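Morning, everyone. I have one structure to show you today. Please take a look before I start.

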Amino acid sequence: MPSSHSQLIWFFVVYFFLFLYFRMHQTNNARCVDLLWRHILSIILLGIALSVSYSRPLSEYFLVRDTSLIPNILWFEYTVTRSEARNRQRKLGTKLQ
């Protein structure tokens, strides 16, 4: 799963692309400078989005922090479920007698 930072920046970039190329209509008499700044801005935004997406998995803190807790969470869930099952069996055992 991509990080929330990557999702946010890609949403922004796609929205901005659509705004630049569809909402701001290109007319036949548009100046070359007007067309050029749209393309340059699009390339800059694409570069920013790629750099954010590329930098997220490279940071060791991001990966280690997110994956190191998974075994602890699984162990906690296992022990809590097991103790609840034992308590349920004890209660049912005393009610049947």
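Let's begin with confidence. In the protein chain, helix H1, residues 4-23, scores highest, with a mean pLDDT of 87. Helix H3, residues 60-68, scores lowest, with a mean of 58. pLDDT is the predictor's confidence in each residue, on a scale from 0 to 100. Over the protein chain the mean is 80, and 74% of residues reach 70 or more.

Some ground rules. This is a predicted model, where local features need pLDDT of at least 70, side-chain atom pairs count only at pLDDT 80 or more, and totals for chains, interfaces and linings use all residues. Residues are numbered from 1 along each chain as its sequence is written, and side-chain values use heavy atoms, with hydrogens and water left out.

Now the fold. The protein chain has four helices and zero strands. Those are DSSP runs, numbered from the N terminus: helices are H or I with at least four residues, strands are E with at least two. Along the sequence, the pattern reads α-α-α-α.

Next, the record. An unreviewed UniProt entry annotates "transmembrane region" at residues 6-23 and 35-54. Such annotations may be inferred rather than shown by experiment; positions use the numbering here, and feature names are shortened. In the model, residues 6-23 are 100% helix, with end C-alpha atoms 24 Å apart. Residues 35-54 are also 100% helix, and there the end C-alpha atoms lie 29 Å apart.

Last, packing. How much of the protein chain is buried? Of its 97 residues, 10%. Buried means under 20% relative accessible area, exposed over 50%, partly exposed in between, with a 1.4 Å probe and protein chains only.
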